[in-house]
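Hi,

Here is the structure I promised to pass on.

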Amino acid sequence: MECPSKREDSSEVLISYVEGSLSPSAQIAFERHLEACGRCRELTAAQQELWAALDTWAPAELSADFNERLYERIASEESSRPKWAERLTKAGLAWQQAVPVVAACAALMVVFLWRGPGTEPGVYFGEEAVASQGRGPQIEQVESALEDFEMLGQLDFRSVAESALRKKI
Amino acid sequence: MRATYLIAALALMLCGGPEFAQGAQGHRGGVVSNRRSPEQEKTPVDEFERMSPEQQEKALAKLPPERRKKVEAQLAKLRSLPPEQRAALRQTYNRLSEFPPERQQQLRKALQKFGSQPADRQEAIRQELRQLSGLSAEDRAVRLKSPEFRSTFNHGEQQIVRDMADLLPAR
Amino acid sequence: MGYGTGILFGAQPSWDARVNYDGTGPVSIDQDAVLMLRVREGDQASFGVLLQRHRRPVFHFLCRMVQNQAVAEELAQEVFLRVYRSRSTYEPTAKFTTWLFRIATRLALNSLRDGKKEKLQDSLEEETPDGTSRQLPDRGRTIEQEMMYQARLREVREAIEELPAKQRAAVLMHKYDDMEYSQIARVLRCSDSAVKSLLFRAYESLRFALAHLV
């Protein structure tokens, strides 16, 4: 077995051995190597000691009222949501319960109208048809996204993205 | 509720059945065919562009004149960008969007601060970010703590760089 | 307690673009993702199950990250609050625990950066929130052995605290949550090789820092 301490990835074998995740054959090979290699024995002993030391670290327990406080916060947030948001959510739920068939039909429409990736050149952004069925983003979302784009455009990550894209090809 | 699940599952099977079957059969090759790359992930602007002209007009009509004018100008500017620049912007926007809302706000503040820097300092920060983008996460951390970095940028600029580094593509 | 089970659920547009589904063998279902989908549909009880299942590991992770119980609890609350807030738009594009720990790590890193950490006062007898003192488990040690044990524990915690935040997060997830390199990579949004590099450097630093304890 090549001495792990001489390799850049020595730690991986060492850590795997100490945590007991080496395969049986790899473990036997490594133990055989340990008999002959003082450096690796040293490193292994140090890692085992570290592991044992880390094992002693038991953190505190959660407060008994953790869940209660969380639910209070959730309830408080929910009760301070604007009425229109609540109505929208309720309307959404009612819609969902009342017309499951419409959802299935819409999905079937997607199947027939779906154009897969790469079949349509990008227009401005994106290469896939979106079966939005008349629903689009809120104009405020678009506004906000455009503001973000404008700010992000200052950074000029183009050269960065180009090299990232080239790496993925 | 269960009926909804069943019908939705049926619809999903019809839409995504081939992909699931491919997966179940042990299809190798990494990314499944319907997975989008970061470059392709839709933003609200993408979705707006996909609306019909009538729907776009309807949406824009909800805005007061000043805001509408601004949105139209921003859209026009975006449309005029070369494709690779749009892709880069989308990537960065999607990374921003993946942060929790509070962190997004912090990053937006940092962007605003960046925008208010003198031009030469903006370029210095951009240059630093370009260099950081070529480093691993660990090396970036080392660089951001280095005396050289600290001596190149004042405290405010350092914080801008640290924040903006979160938007860099990972290596 | 470890997180060794469950793989990617489904093949949806990616919330985490670096996640690859290699498709080996039949699709396993991430039970937590199933529960979260029920929460999305309005099932509050499923949120309760997720909370019970994951609150301790998340809290322990945060405790070790920020080394302050009060701050860790606050952050742990925030983690689950964010999970709850995101319920209507939840998409199971990664393991639930990956998402959970991503939120936790992000909050911890922000907290550390904002310097909200306060040194936890360590002592043999600690006051619990209800005022009763915590008795350490009797391991059959003498007083002197106990003091040495506590001193050693303090050194371990200080050595962990000295690690750069991301190395610390990687070590904690690797050691105490049994996460594989690939999952840690997804939590930290970096490559597997970057995670290995983080971990190996961290363990090397820790071995060096604690060498005198051997």
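Contact here means that the C-beta atoms of two residues, placed from the backbone, lie within 7 Å.

Before going further, please note that this is a predicted model: local features need pLDDT of at least 70, side-chain atom pairs count only at pLDDT 80 or more, and totals for chains, interfaces and linings use all residues. Residues are numbered from 1 along each chain as its sequence is written, while chains are lettered from A and ligands numbered from 1 in the order in which they are written.

C:Ala170 belongs to the largest nonpolar core, which has 63 residues; C:Ala170 is among the members that touch the most others, as are C:Leu62, C:Leu75, C:Val79, C:Leu100, C:Ala104 and C:Val195. (A nonpolar core is a set of buried Ala, Val, Leu, Ile, Met, Phe, Trp, Tyr and Cys residues joined through C-beta atoms within 7 Å; a residue is buried with 20 or more other C-beta atoms within 10 Å of its own, exposed with 12 or fewer, and partly exposed in between, with C-beta atoms placed from the backbone.) The most is given to this core by helix α2 (residues 44–66) of chain C, with 9 residues. There is also a second, separate core of 28 residues, including A:Val142, B:Tyr93, B:Leu107 and B:Leu132.

Chain C has 8 helices and 2 strands, in the order α-α-α-α-β-β-α-α-α-α. (Helices, H or I of at least four residues, and strands, E of at least two, are DSSP runs numbered from the N terminus.) Of its 214 residues, 42% count as buried. Chain A, by contrast, has 8 helices and 0 strands, and 20% of its 169 residues count as buried.

One residue of chain A is worth a click: A:Leu50, in helix α3 (residues 38–55). A:Leu50 is buried because 25 other C-beta atoms lie within 10 Å. Not counting residues up to four places away in sequence, A:Leu50 touches C:Tyr203, C:Leu206, C:Arg207 and C:Leu210.

Finally, chain B: the buried residues of helix α10 (residues 155–165) are B:Ile160, B:Val161 and B:Met164. They sit on the same side of α10(B), because they cover an arc of only 95 degrees around the axis, taken from the directions from the helix axis to the C-beta atoms. Their cover includes α6 (101–115) and α7 (119–133) of chain B.

Best wishes
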